[in-house]
Amino acid sequence: MAGKVFFSVSMSLDGFIAPESLEDLMGKQWMELQQWLFPQRFFRENLALGAGGEEGRDNDIVRETFERTGASVMGKRMFDAGEHAWPEDAPFHTPVFVVTHERRDPWERSGGTTFHFVDAGIEPALAQAREAAGDRDVRIAGGGATILEYLNAGLVDEFSIALSPVLFGSGIRLFEGVDAGRLALVPVCAEPSPRVTHLSYAVRQR
Ligand SMILES: NC(=O)c1ccc[n+]([C@@H]2O[C@H](COP(=O)([O-])OP(=O)(O)OC[C@H]3O[C@@H](n4cnc5c(N)ncnc54)[C@H](OP(=O)(O)O)[C@@H]3O)[C@@H](O)[C@H]2O)c1
């Protein structure tokens with residue numbers, strides 16, 4: 001059976017998932033947005049940030065999100081931000097399809113992550129990801145522009161948001177330009193943790 005297509009992001013309370021400039025990415029706002037994620041044991045191990053970490057429900061959600069993902073799709077700006085920041089053993093451990101206008105050979109990392117650069121648009125990228133994922137799900141990893149393209153094309157089945165208690169004021173807004181007339185949401189789960197509120201929705205066509 002084919003897997004689902006989903007995204008899972010951290011979002012500020014006022015709707016942003018990243019600062020506007022990649023130069024600000026590791027700044028205060030980003031750290032506050034992701035403050036729930038960095039202490040989690042699974043996240044720390046996967047990014048080689050060191051041993052130890054928290055093991056509660058937040059950690060379970062991070063692990064479950066990783067385990068359901070058989071392949072990822074991401075935009076070129078997210079790839080650019082990660083290319084120099086991810087460790088040699090990149091944290092995906094599956095094929096990753098980068099939607100881009102750039103032509104580039106696949107980039108294989110140790111530990112099972114290979115980045116494939118797809119210049120034919122979002123649907124061919126997703127088709128390749130589905131094929132690679134097999135029975136598991138495809139994660140639209142980000143960033144905002146790429147998630148929005150897949151949402152508006154009706155290609156996302158469900159999504160999760162870790163709603164962080166931080167206000168950005170400006171930046172990359174997750175739902176900027178969403179086709180609200182076409183998409184309806186069905187609440188699946190709302191789960192607070194001490195650090196963040198996890199919200200999950202199924203996406204339906206109106
Ligand atoms: N808060 C979170 O949980 C979270 C999660 C993931 C990412 N992020 C953040 O999101 C930010 C990036 O988001 P973003 O919205 O700026 O950019 P993005 O979606 O990562 O990438 C957009 C770029 O991808 C390429 N692209 C997208 N669609 C395409 C298409 N149909 N055909 C060809 N190329 C296409 C284009 O690059 P080219 O024209 O250069 O090829 C486009 O400029 C980063 O700062 C990242 O850290 C946050």
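The model is predicted: local features need pLDDT of at least 70, side-chain atom pairs count only at pLDDT 80 or more, and totals for chains, interfaces and linings use all residues. Residues are numbered from 1 along each chain as its sequence is written.

**Around Q35**
- Q35 sits in the loop between α1 (28-33) and α2 (41-46); helices (H or I, at least four residues) and strands (E, at least two) are DSSP runs, numbered from the N terminus.
- Leaving aside neighbours within four places in sequence, Q35 is in contact with S164 and R195 (contact: C-beta atoms, placed from the backbone, within 7 Å).
- Q35 and G144 lie 109 residues apart in sequence, and their C-alpha atoms are 19 Å apart in space.

**The whole chain**
- The protein chain has six helices and eleven strands.
- Its radius of gyration is 16 Å, close to the 17 Å that the globule rule gives for 206 residues, so the chain is as compact as a globular protein of that length. The radius is taken over C-alpha atoms, and the rule is 2.2 Å times the number of residues to the power 0.38.
- The C-alpha atoms fill a box of roughly 45 × 40 × 35 Å, taken along the principal axes.
- Buried residues make up 32% of the 206 residues.
- Of the contacts with a separation of 6 or more, 64% are between residues 24 or more positions apart.

**The sheet**
- Nine strands form an open sheet with mixed pairing, in the order β5-β6-β4-β3-β7-β1-β8-β11-β10; two strands pair if DSSP finds at least two bridges between them.
- β5 (107-108) and β10 (183-192) stand at the edges with a single partner strand each, so one side of each is left without a neighbour in the sheet.
- β3 and β4 pair in the parallel sense over four bridges.
- M74 stands opposite V98 in β4.

**Helix α5**
- Helix α5 (residues 122-133) has twelve residues and should span 16 Å at 1.5 Å a residue; its end C-alpha atoms are 16 Å apart, which agrees. The expected span is 1.5 Å times one less than the number of residues.
- The buried residues of α5 are A125, L126, A129 and A133.
- Seen down the axis of α5, these buried residues fall within an arc of 95 degrees, so they line one face of the helix. The arc is that of the directions from the helix axis to the C-beta atoms.
- The cover over the buried residues of α5 includes β1 (5-12), β3 (69-75), β4 (95-99), β6 (114-118) and β7 (137-142).

**Nonpolar cores**
- The largest nonpolar core has 39 residues, and those with the most contacts inside it are V73, F97, V98, A129, I140 and V156. Such a core is a set of buried Ala, Val, Leu, Ile, Met, Phe, Trp, Tyr and Cys residues joined through C-beta atoms within 7 Å.
- Not counting residues up to four places away in sequence, A129 touches A71, V73, F97 and V138.

**Around A145**
- A145 is found in helix α6 (residues 144-152).
- A145 is partly exposed, with 15 other C-beta atoms within 10 Å.
- A145 and F175 are 30 residues apart along the chain, and their C-alpha atoms are separated by 9.0 Å.

Conventions
Buried ≥ 20, exposed ≤ 12 C-beta atoms within 10 Å, placed from the backbone. Contact = placed C-beta atoms within 7 Å.
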